[in-house]
Amino acid sequence: MAGSVASEDQKFCLQEVLDTFKMCLSDNKEVYTQHYVAGWRGLVKFLNSLGSVFGFISKDAVNKIQILVNYLNGENGSQYVTVQSMVKYELENELVDITKRGSHPESGCRTLLRLHRALRWLELFLERLRTSTEDSKTSVMCAEAYNEALAQHHPWMIRKAANMAFYMLPGRPAFFEVMNVGPPEQVVAMLGEALPLISEVYQITETLYAQHNLLDLP
Ligand SMILES: CCCCCCCC/C=C\CCCCCCCC(=O)N[C@@H](COP(=O)(O)O)[C@H](O)/C=C/CCCCCCCCCCCCC
């Protein structure tokens, strides 16, 4: 089962993240929660290597990952094995605040929804990175993806802080280096491999949440 996320400091490896997203889908296209959070843990490792200015983002992601890990390791862990089983279990047992925050402010469904929205940001950002040229700016690509996928879900203060942090992103060559994959052509190839996987996991989750009217959980 998934362990604690607080003390991880190993080097980022994109291949590892790719592998976890590959393992995310079961044969019948359910999303394994354990691999989903493992994918995020790998990404947080990357974020941490970019410096402390991204600490507030990383802290929020780690917090949400830990909430899901706690459910997975808890007494009802078997209900959380896939995102589909989690949604079914929490809805059937009225464990989700549907319209306003109440007695379940940290349900699995609302917590995963926050990461799910961030996954769309990731998809848009990686697609921009993949198709970028040498002089493209990572800060601009990141901000564009953020404005398209996430900004509307964040209060003004967070939007402001996020956009300021984006300016501190390293340029494309240094960014590719931190990705620890190899020369730029190899990074682009690996992104080409990663994107369809991320996209499929995103679409399956999006459809599931839409079917259950869970896309606006408070
Ligand atoms: C493959 C390698 C290249 C890409 C590497 C990307 C690495 C990104 C790693 C982690 C991303 C963090 C995901 C953050 C989840 C945010 C969830 C969220 O929306 N939380 C807000 C709402 O939560 P509640 O208040 O309702 O509980 C919360 O208010 C947010 C707080 C922090 C700010 C979040 C800004 C997110 C910006 C997108 C990530 C930018 C990372 C830039 C690095 C390339």
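Biologist: Which residues of H3 are buried?
Modeller: In this predicted model, the buried residues of H3 are Ala61, Lys64, Ile65, Leu68, Val69, Tyr71 and Leu72.

Biologist: Where do they sit around the helix axis?
Modeller: Viewed down the axis of H3, the buried residues fall within an arc of 160°, so they line one face of the helix. An α-helix has 3.6 residues a turn, so residues three or four places apart point the same way.

Biologist: What covers that face?
Modeller: The cover over the buried residues of H3 includes helix H2 (33–48) and helix H5 (108–130).

Biologist: What span should H3 have, and what does the model give?
Modeller: Helix H3 comprises 19 residues, 55–73, and at 1.5 Å a residue it should span 27 Å. Its end C-alpha atoms are 26 Å apart, which agrees.

Biologist: Turning to the ligand, which residues come nearest?
Modeller: There are 21 residues around the ligand, and Leu43, Leu47, Asp60, Ala61 and Ala118 come nearest. Ala61 is also among the buried residues of H3.

Biologist: How many residues of the shell are nonpolar, polar and charged?
Modeller: The shell around the ligand has 17 nonpolar residues, 1 polar residue and 3 charged residues.

Biologist: Moving to H7, which residues are buried there?
Modeller: Ala162, Ala165 and Phe166 are buried in H7. They cover an arc of only 100° around the axis, which puts them on the same side of H7.

Biologist: And what covers them?
Modeller: H3 and H6 are included in what covers the buried residues of H7.

Biologist: Which exposed residues are on the face turned away from the buried side?
Modeller: That face of H7 carries Trp156, Met157, Lys160 and Met164, which are exposed.

Biologist: Where is Pro155, and is it buried or exposed?
Modeller: Pro155 lies in the loop between H6 and H7. Pro155 is exposed, because 7 other C-beta atoms lie within 10 Å, and a residue counts as exposed at 12 or fewer. From Pro155 to Ser139 the separation is 16 residues in sequence and 20 Å in space, C-alpha to C-alpha.

Biologist: What about the other proline, Pro183?
Modeller: Pro183 is found in the loop between H8 and H9. With 10 other C-beta atoms within 10 Å, Pro183 is exposed. Pro183 and Lys64 are 119 residues apart in sequence, and their C-alpha atoms are 33 Å apart in space.

Biologist: What is the phi of Lys29?
Modeller: Lys29 has a phi near 65°, which is positive in a residue other than glycine. Most residues other than glycine have a negative phi. Lys29 is placed in the loop between helix H1 (14–23) and H2, and it counts as partly exposed, with 14 C-beta neighbours inside 10 Å.

Biologist: And the phi of Asn180?
Modeller: Asn180 is not a glycine, yet its phi is positive, at about 60°. Asn180 lies in the loop between helix H8 (172–178) and helix H9 (184–211). With 15 other C-beta atoms within 10 Å, Asn180 is partly exposed.

Biologist: Finally, which residues does the UniProt domain annotation cover?
Modeller: The unreviewed UniProt entry annotates residues 32–180 as "domain: Glycolipid transfer protein". Over residues 32–180 the chain is 66% helix and 0% strand, with the end C-alpha atoms 26 Å apart.

How values were computed:
Residues numbered from 1 in each chain as written. Predicted model: local features only at pLDDT ≥ 70, side-chain atom pairs only at ≥ 80, totals over all residues. UniProt positions renumbered as here; feature names shortened; annotations may be inferred. Helix = DSSP H or I, 4+ residues; strand = E, 2+ residues; numbered from the N terminus. Expected span 1.5 Å × (residues − 1). Buried ≥ 20, exposed ≤ 12 C-beta atoms within 10 Å, placed from the backbone. Arc of directions from axis to C-beta. Contact = placed C-beta atoms within 7 Å. Near = placed C-beta within 6 Å. Nonpolar A, V, L, I, M, F, W, Y, C, P; charged D, E, K, R; others polar.
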